[in-house]
Amino acid sequence: MIKSNECLDDLQNGLFIIQKQNGFKFGIDAVLLSDFAKDAKSAATLDLCTGTGIVPILLSAKTGTERIFGLEIQEDIAEMARRSVEYNNLTGRVSIECGDLKRAEQIYGKGRFDKITCNPPYMKHGGGLKNSSDTKSISRHEIMCSLDDVLRVSSGLLISKGRFFMVHRPSRLADIICAMRKYRIEPKRLRFVHSSYEKAPNLVLVEGMKDGGEELKLMPPLYVYNADGTYSEEIDRIYGRQKPTHSEDNI
């Protein structure tokens, strides 16, 4: 099930994921997105730009959602994600399709989902682009889909009052808000993610509601590291890590 150029990574929650040894691997942004989206109840969730399937796999552990779908345009990556689903015995709950995001309505049907998540490429097409056919470039740059594509397609796939969750770069926030309102996905929650207390945010988590009312809640910032370089308490919680008790400190 695992090929010679791949590795099996432990997600520390009883689940595993297959990734290419030298390819694009999931990062903290996918983990934060799945945690940010977990509390919104859903009967059917779709993860766009799913890559290795990390967000659907994490949501399977964090939620009781019966059907979770992932859409990925790169056939080899989608095939690898399917093997991760099979490895974790999740084929009854998680389905991975290979297809173009821009054709998602033809694949799934209009108004099919009550929740959509997306960890899209962050960089505009052409910004520092090295190789348009390289997996890492496709994952990082808007080669196969744009931010506007993500919001337009999500609006068509969501039911009215359905929820949309995305992680992106703060530098694209103006584009994000404008595109959300353009496609009737009203921004509802916003949270900035900082690597440490003294640094500017390098990620932003956004929740929107299709046909929602006009009210945006700015959440407290999320810090990845404490001042001493250790992981913050919230990051440990999100990753399921437990800090040692006082008695354990002395062992």
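In the predicted model, strands E1 and E2 form a hairpin with 5 residues between them. Within the turn, Gln12 has a positive phi of about 65°. Strand E1 covers residues 6-10 and strand E2 covers residues 16-20. The two strands pair in the antiparallel sense, over 5 bridges. Asp10 has Phe16 of E2 as its bridge partner.

A second element of the model is a pair of packed helices. Two packed helices are described by the angle between their axes and the distance between the axes. For helix H6 (residues 147-157) and helix H7 (residues 173-182), the angle is about 30° and the axes are 9 Å apart. Angles under 35 degrees count as roughly parallel, and H6 and H7 are therefore roughly parallel to each other. The crossing in which H6 passes H7 is right-handed. On the H6 side, the contact is made by Leu147, Asp148 and Leu151. On the H7 side, Asp175, Ile176, Ala179, Met180 and Lys182 take part. By class, the residues of this contact comprise 5 nonpolar and 3 charged, with no polar residues.

Helix H6 was also examined for burial. Of the 11 residues of H6, 9 are buried, so the helix is largely enclosed by the rest of the structure. The buried residues are Leu147, Asp149, Val150, Leu151, Val153, Ser154, Ser155, Gly156 and Leu157. Leu147 and Leu151 are buried and also belong to the contact with H7.

Note on methods: Residues numbered from 1 in each chain as written. Predicted model: local features only at pLDDT ≥ 70, side-chain atom pairs only at ≥ 80, totals over all residues. Heavy atoms only, no water. Axes fitted to C-alpha atoms, helices over the stretch in contact; angles between N-to-C directions. Helix = DSSP H or I, 4+ residues; strand = E, 2+ residues; numbered from the N terminus. Parallel < 35°, antiparallel > 145°, perpendicular 65-115°, else oblique. Left-handed = near helix turned anticlockwise from the far one by under 90°. Contact = heavy atoms within 4.5 Å. Nonpolar A, V, L, I, M, F, W, Y, C, P; charged D, E, K, R; others polar. Buried < 20%, exposed > 50% of the residue type's maximum accessible area, 1.4 Å probe, protein only. Pairing = 2+ DSSP bridges.
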